[in-house]
Amino acid sequence: MTILCVRFQLPPMYEAALPGLLGLLEDFTPVVEALPPDGVLADLRGAERYFGRSAVELASVIRVRALARYGVDCVIGAGPGPMLARMALRDARPGVTCTVPEDPDGIAEFLAGRPVSALPGVGAATARTLGEYGLDTLGLVAAAPLSTLQRLIGARAGRELRERAGGIDRGRVVPNAVSRSLVAERPFGLDELNPDRHRRALLSASEELGARLRAVEKVCRTLTLTVRYADSSSTTRSRTLKEPTAHSSALTKVAYGMYEALGLQRARVRAIALRAEGLAPADQASYQLTFDPVDEKARRIEEVADRARAKFGPRAVIPGALAA
């Protein structure tokens with residue numbers, strides 16, 4: 001086993017702790033990829049040789065350190081590739097690392113009876129299309145003619161699906177820097193069903209992110225929304241902005257758009273978080289010129305509000321919808 005997929009069992013919306021937890025894995029390998037809000041992939045090929053221990057043994061050390069340093073437990077899946085490690089994570093539980101065998105026969109046996117939807121990257125629409133033709137397990141997909149899959153879901157998608165269903169994992173761990181992001185978290189005291197309260201939480205988080213970005217003279221290129229539900233499951237959506245910005249109203253508009261696209265109906269939401277990613281110096285960002293007086297006025301008001309907050313505190317100036 002060379003790849004670990006770790007999911008930390010963080011308290012609701014404690015995503016800000018993730019950069020510190022990543023340091024636990026970086027003690028063993030520099031090849032670490034954050035999977036916000038609470039996950040991480042780690043390539044331990046070099047660590048296995050250096051420490052003289054298997055990835056599963058190193059996983060036990062990582063779990064003990066997470067508990068000792070942060071009081072956070074975790075579940076860990078291990079496999080010969082990122083895709084297989086992520087699938088193993090679904091069967092893992094605290095204290096027991098789930099592993100996928102490295103030999104082809106063991107991989108085929110691990111995948112065969114699993115539903116198509118268990119494969120990372122396969123959405124509900126693709127799974128439904130395949131299911132209509134009786135291809136509802138990965139074993140059946142792997143055994144299906146390539147031409148059949150390509151007719152159903154397209155040439156490239158069909159080829160990639162058949163490879164992955166057969167256990168061919170071409171993915172790799174891409175190191176990234178979760179610390180190069182800002183997070184605004186809004187937990188609810190009780191599981192919240194009211195969409196208006198969800199939107200107020202988004203507005204509050206967007207205002208906070210905008211103010212923090214402007215304070216450090218940064219702009220963000222991507223905004224990520226995480227909604228955590230009462231059963232501890234979560235939904236994460238990301239959207240690349242039309243242009244890098246630290247403008248609160250622009251961030252709010254994008255956040256509202258992602259929320260509406262989820263189509264939540266009477267969902268019991270436990271917490272909401274927004275994360276600004278792809279940070280860059282504001283003075284190096286390019287902007288689309290505009291002659292809209294409304295936009296210019298909003299930006300000037302924002303500058304004045306920032307100065308007031310710096311002098312009198314963060315709640316000196318807030319949107320009217322948050323006044324209550």
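Reply: Start with exposure. Buried means under 20% relative accessible area, exposed means over 50%, and partly exposed lies in between, using a 1.4 Å probe and protein chains only. Arginine 266 is exposed because its relative accessible area is 66%.

Me: What should I know about the model itself?

Reply: This is a predicted model, where local features need pLDDT of at least 70, side-chain atom pairs count only at pLDDT 80 or more, and totals for chains, interfaces and linings use all residues. Residues are numbered from 1 along each chain as its sequence is written, and side-chain values use heavy atoms, with hydrogens and water left out.

Me: How many helices and strands does the chain have?

Reply: First, the terms. Helices (H or I, at least four residues) and strands (E, at least two) are DSSP runs, numbered from the N terminus. This chain has 12 helices and 10 strands. Of its 324 residues, 44% are buried.

Me: How do I read contacts along the chain?

Reply: Contact means heavy atoms within 4.5 Å. Take the contacts between residues at least 6 apart in sequence: 67% of them join residues at least 24 apart.

Me: Which residues does arginine 7 contact, leaving aside its neighbours within four places in sequence?

Reply: They are Asp38, Gly39, Asp73, Cys74, Val75 and Leu89. Arginine 7 sits in strand 1, residues 3-8. Its relative accessibility is 42%, so arginine 7 counts as partly exposed. Isoleucine 76 is 69 residues away from arginine 7 in sequence, yet their C-alpha atoms are 6.5 Å apart.

Me: Is leucine 58 buried or exposed?

Reply: Leucine 58 is buried, because its relative accessible area is 2%. Look for it in helix 3, residues 55-70. Beyond its neighbours within four places in sequence, leucine 58 contacts Phe28, Leu44, Ala47, Glu48, Phe51 and Arg53. Leucine 44 is 14 residues from leucine 58 along the chain, with 8.7 Å between their C-alpha atoms.

Me: Where is proline 281, and what does it touch?

Reply: Proline 281 lies in strand 10, residues 280-281. Not counting residues up to four places away in sequence, proline 281 touches Glu217, Lys218 and Val219. Proline 281 counts as partly exposed, because its relative accessibility is 27%.

Me: Which residues of helix 11 are buried?

Reply: A general idea first. An α-helix has 3.6 residues a turn, so residues three or four places apart point the same way. In helix 11, the buried residues are Ser248, Leu251, Thr252, Val254, Ala255, Tyr256, Met258, Tyr259 and Leu262.

Me: How do helix 10 and helix 11 cross?

Reply: Axes are lines fitted to C-alpha atoms, for helices over the stretch in contact, and angles run from 0 to 180 degrees between N-to-C directions. The axes of helix 10 (residues 195-215) and helix 11 (residues 248-262) come within 8 Å and cross at roughly 145°. Residues making this contact include Leu202, Leu203 and Ser206 of helix 10, and Leu251, Thr252 and Ala255 of helix 11.

Me: What does threonine 252 contact, leaving aside its neighbours within four places in sequence?

Reply: Its partners are Leu203 and Ser206. Threonine 252 counts as buried because its relative accessibility is 7%.

Me: What is phi like for arginine 266?

Reply: Most residues other than glycine have a negative phi, and most peptide bonds are trans. Arginine 266 has a positive phi, near 55°, and is not a glycine. This residue is in the loop between helix 11 and strand 9 (269-277). Glycine 263, which follows helix 11, also has a positive phi, near 60°.

Me: Last one. How many disulfides are there?

Reply: A disulfide is a covalent bond between the sulfur atoms of two cysteines. The test is a pair of cysteine sulfur atoms within 2.5 Å. Searching the whole structure gives 0 disulfides. Cysteine 5 is buried, because its relative accessible area is 3%. Cysteine 74 counts as buried too, because its relative accessibility is 1%.
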